[in-house]
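Here is a short report on one strand arrangement and one set of aromatic rings. Look at the structure first, then read on.

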Amino acid sequence: MTFRIFALMATGAAALVLSAGAAFAAPDVQTLETDIGEVIADADGMVLYTFRNDAEGVSNCYDQCAVNWPPFFAEEGAMAEEPYSIVERTDGTMMWAKDGWPLYYWINDTEPGMTSGDGVGGNWDVARP
């Protein structure tokens, strides 16, 4: 009986560790085929973008820019796996990046798979696989 209880506790602890690890893994993204080719989107199909005025590992989109282009935030404790990384913003929040380039949403993309932000102002590009 004692062994059985121990085995159940060990199994439960292992499941807890595995589920906690999954919660802090790389971002839940997918590759979508759109009218402009393959792009990277979040788990819900919302397309992600990069900003040409950023630098590798540095977000330069704040204030009104961040209202129009919300960052793809990383949850506290998230751990990156290549090609994804985490960028710390000046306000201390963390956001996901691909190949070092911070990832954003476009406020005018209202449905999964929309790519209306590509090329906006000559500074925004859809994120590609």
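What is the order of the strands in the open sheet of 3 strands? This is a predicted model. The order is E4-E5-E6, and the pairing is antiparallel. Strand E4 (84-88) and strand E6 (101-102) stand at the edges. Each has a single partner strand, so one side of each is left without a neighbour in the sheet. Strand E5 (residues 94-98) is joined to E6 by 2 bridges. Proline 102 in E6 is the bridge partner of alanine 97.

**Aromatic rings**

The count of aromatic pairs comes to 6. Two of the pairs are tabulated here.

| Pair | Centre to centre | Angle between planes | Geometry |
|---|---|---|---|
| Tyrosine 49 and tryptophan 69 | 5.4 Å | 75° | edge-to-face |
| Tyrosine 104 and tryptophan 124 | 5.2 Å | 90° | edge-to-face |

Why do tyrosine 49 and tryptophan 69 tie together parts that are 20 residues apart in sequence? Tyrosine 49 lies in strand E3 (residues 49-51), while tryptophan 69 lies in the loop between helix H2 (64-68) and E4. Both tyrosine 49 and tryptophan 69 are buried.

Now the other pair. Tyrosine 104 lies in the loop between E6 and strand E7 (124-126), and tryptophan 124 lies in strand E7, so this pair ties together parts that are 20 residues apart in sequence. Tyrosine 104 is buried, with a relative accessible area of 0%. Tryptophan 124 is buried too, at a relative accessible area of 4%. The cut-off for buried is under 20%.

Which residues do ring pairs link into a cluster? They are Tyr49, Phe51, Trp69, Tyr104, Trp106 and Trp124.

Definitions and conventions: Residues numbered from 1 in each chain as written. Predicted model: local features only at pLDDT ≥ 70, side-chain atom pairs only at ≥ 80, totals over all residues. Heavy atoms only, no water. Pairing = 2+ DSSP bridges. Helix = DSSP H or I, 4+ residues; strand = E, 2+ residues; numbered from the N terminus. Phe/Tyr/Trp six-rings, centres within 6.5 Å; stacked < 30°, edge-to-face > 60°. Buried < 20%, exposed > 50% of the residue type's maximum accessible area, 1.4 Å probe, protein only.
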